[in-house]
Amino acid sequence: MPAAVTFRSVSRHFGAVKAVDSVDLEIAEGEFFAMLGPSGSGKTTCLRLIAGFEQPDGGEISILGTSANGVPPWKRHVNTVFQDYALFPHMAILDNVAYGLMVRGVDKATRHKAAEEALDLVKLGGYGARRTGQLSGGQRQRVALARALVNKPSVLLLDEPLGALDLKLREAMQEELKGLQKRLGITFVLVTHDQGEALSMADRVAVFNEGRIVQSGAPEDIYNRPKTRFVADFVGSSNILSPSLSGSLSGDRRWKSLRPEAFTLEPGNGRLSLTGTLEASSFMGAVRRVSLKVADTSIHAHLPAGAALPADGEALTLHFAPEALNPLEDAA
Amino acid sequence: MRSDKHNRAPFPLTLAATGGLLFLHLPLLLIFAYAFTTEDKSFQWPPPGFTTRWLAVTWARPDVWQALTLSLQVAAIATAFALVLGTLCAAALSRARFFGQEAITLLVILPIALPGIVTGIALRSAFGMMGIPFSFWTIVLGHATFCIVVVYNNAVARFRRMSPSLVEASYDLGANGFQTFRHVILPNIGTALLAGGMLAFALSFDEVIVTTFTAGQQQTLPIWMLEELIRPHERPVTNVVAMAVVLVTLIPILGAYYLTRDGAETAGSGK
């Protein structure tokens, strides 16, 4: 079975800016794939390359085993959910959803029936007669989803689809999108700058920085075994230990990352420890966030909310398992 | 702007505004009055008598009909040119970002800022240099220069309000360029084009200066009226025609106003 999307050293330059710089990528069919990165990292350009809004300056893009270079967007079996939804303001909801079928010449009764079904799928049955202006942000998002899904695409592209929604709605939509993807079995490609979103929804995550993929893998791998300082810092929060500090702890002089939740107050068998001055601690609900000054480095730790701490400015020792120290590939 | 109790315009301002409006619009009423006078040599006030005879006289004059037909044809064709070219200009300049874009935008709207006499002389010398004889088509070209700007101004305002992802969404859903234009772009800019087209038509219909430089023997309606003023015979006929022109051009201008009023858009602007 061919991969849903393949990039072979694909580049896209805008003047001197290498938006996408020789990217290799393979997205399996039926996979929920997330492209994660800060703004300007090239993830959105990659999405636009798959959709066909951009053409590569170098390399080859294949969709379902067929080269997509030079193929216009309207001839690709790929649909997009846009960040601003891009619903047609002059059309009723039903006609928005039926648009893809309309331009393919599907007759009115058939396409309206399909559009109704797609609206049911996103729990907006009966909204077909309304105008886009009468819907809330969350509802427009669902219409945009229905409008893409009605075409039964091989690949569905989602460009920061939840960015404009409030927190509660976003969490509900995350679960719903994931459920929908499992049910329909369509390949989803999600572009997001929100690491929580990428980790919770995707089967596989590619982390982008400066036009390149710096690491890709299962969410657990990305989170637990970041390869570089950039990934360790961008995906979740992480303590970055300099070669000298990590050398003094384990004798291994390399850059290391250490997750804040790895720390405990209790010493244990074979556990390593860090001693410093307690700078500040703040109550975060489920945890207490502690900042500890060790030499010239600030170390952040998440401790149980009820942990007994000394006063600020006093000495404090924190313990962690040696395997929590994750070596990074950055040059020492 | 409506004023409420707390924000009433002071009396001198009201007076000045009323005076200004009267100054602008009384002459129009005078034209109407002289269209029905019994005196046919001079503008005598008050008109010595009332007659509708001039309506019939005007109706029977073939030169009036000729000039009117020419003006309508020129306006229609210049507007048609302007709709196509102005829309294309607006589409290009509102979407793409490229070197020299500001300069080109300025060049596109320049014809409406330039005095008509400059446009006229420029076109006349250009036609002369290229050996193009003055004809119906040279008038149309002259009018198209400023009609394009009116259409462009209206279209570009609408294009800027339109999210660029609408076009991409249409492509994404399988529509090619033509389908996208027909189903997405045109419905979104339609009223702006109608408004721009109506204004372009009205501008072309009463244009004198550029026409004087680009017409050969042809007389458009405004040129005909000017000639009639210089050598007066049956003076009120000119007034009847003027009255008809006011009524005919008022319709597209009001139409354009209503089509674009619910949006901060440029309908007229200039000229």
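**Exercise 1. List the buried residues of helix 1 of chain A, and decide whether the helix is enclosed or open.**

Solution. In this predicted model, the buried residues of helix 1 of chain A are A:K43, A:T45, A:C46, A:L47, A:L49, A:I50 and A:A51. The cut-off for this label is a relative accessible area under 20%. Next, set the count against the length: 7 of the 9 residues of helix 1 are buried, so the helix is largely enclosed by the rest of the structure.

**Exercise 2. Find the salt bridge between chain A and chain B, and name its two residues.**

Solution. Start with the number: the rule gives 1 salt bridge across the interface of chain A and chain B. The partners are A:R48 and B:E168, whose side chains meet with an N to O distance of 2.6 Å. That distance can be set against the cut-off, which is 4 Å between a side-chain nitrogen of Lys or Arg and a carboxyl oxygen of Asp or Glu.

**Exercise 3. Describe the contact between the two chains by polar pairs, elements and residue class.**

Solution. Step one, the polar pairs: 11 residue pairs are in polar contact between chain A and chain B, both residues being at pLDDT 80 or more. Step two, the elements: on the side of chain A that touches chain B, two or more residues come from each of helix 1 (43-51), strand 6 (78-81) and helix 2 (93-103) of chain A. Helix 2 gives the largest share of that side, 4 residues. Step three, the classes: this side of chain A holds 14 nonpolar, 5 polar and 4 charged residues. Step four, the extent: chain A brings 23 residues to the contact and chain B brings 19. The area buried between them is about 1,700 Å², with 61% of it from carbon and sulfur atoms.

Technical notes. Residues numbered from 1 in each chain as written. Chains lettered and ligands numbered in written order. Predicted model: local features only at pLDDT ≥ 70, side-chain atom pairs only at ≥ 80, totals over all residues. Heavy atoms only, no water. Contact = heavy atoms within 4.5 Å. Buried area = accessible area lost by both parts, 1.4 Å probe. Polar contact = N/O pair within 3.5 Å; in protein donor to acceptor, adjacent residues only side chain to side chain. Nonpolar A, V, L, I, M, F, W, Y, C, P; charged D, E, K, R; others polar. Buried < 20%, exposed > 50% of the residue type's maximum accessible area, 1.4 Å probe, protein only.
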